[in-house]
Amino acid sequence: MAKKFERRHGEKKKTIILIRTLVYIYRVVALAIPFMVGYSRIYLGVHYATDVFGGFLVGTIMYLISTKIYRIIIK
């Protein structure tokens, strides 16, 4: 019976695992890029560390507010 289920749903399970893995990789890259850019700005001496930290803070606050508004609109 388990083999029969695996034949029917095996592809679906593999697809779900693949999608979850791709979403995880996307999230890691989406978080890594801003931090790498911020680090490079500090390293090159273009900005102070406080400027970069302030940018991250403002970006995070804007993200949280927009997510909250989006959830309110969807309901």
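Before we start, please note that the model is predicted: local features need pLDDT of at least 70, side-chain atom pairs count only at pLDDT 80 or more, and totals for chains, interfaces and linings use all residues. Residues are numbered from 1 along each chain as its sequence is written, and side-chain values use heavy atoms, with hydrogens and water left out.

Let's begin with the overall picture. The chain has two helices and zero strands; both kinds are DSSP runs numbered from the N terminus, helices being H or I with at least four residues and strands E with at least two. Of its 75 residues, 5% are buried, where buried means under 20% relative accessible area, exposed over 50%, and partly exposed in between, with a 1.4 Å probe and protein chains only.

Now, the pocket. Which residues line the largest pocket? They are Arg27, Ala30, Leu31, Pro34, Phe35, Phe56 and Thr60. Helix H1 (2-44) and helix H2 (49-74) are the elements that give two or more residues to this lining, and H1 brings the largest share, five residues. By class, five lining residues are nonpolar, one is polar and one is charged. The volume is about 190 Å³. A pocket here is an open set of points on a 1 Å grid where a 1.4 Å probe fits, with protein on both sides within 12 Å along at least five of seven lines, and lining residues have an atom within 4 Å of a point.

Two of the lining residues deserve a stop. Pro34 lies in helix H1, while Phe56 sits in helix H2. They are 22 residues apart along the chain, and their C-alpha atoms are separated by 8.3 Å. Buried or partly exposed, what is Phe56? Phe56 is partly exposed, because its relative accessible area is 27%. Pro34 is partly exposed too, at 36%.

Finally, the surface. Leu18, Leu22, Tyr24, Ile25, Val28, Val29, Ile33, Met36 and Val37 make a nonpolar patch of about 860 Å². Such a patch joins nonpolar side chains within 5 Å, from residues with over 30% relative accessible area and no salt bridge. One member, Ile25, lies in helix H1 and is partly exposed, with a relative accessible area of 45%.

Definitions and conventions
Points joined across faces, edges and corners; volume = space filled by probe spheres on them. Nonpolar A, V, L, I, M, F, W, Y, C, P; charged D, E, K, R; others polar. Patch = residues over 30% accessible without salt bridge, like charges linked within 9 Å, V, L, I, M, F, W, Y side chains within 5 Å. Areas by Shrake-Rupley, 256 points an atom, 1.4 Å probe, with all protein chains shown as cover. Salt bridge = Lys/Arg side-chain N within 4 Å of Asp/Glu carboxyl O.
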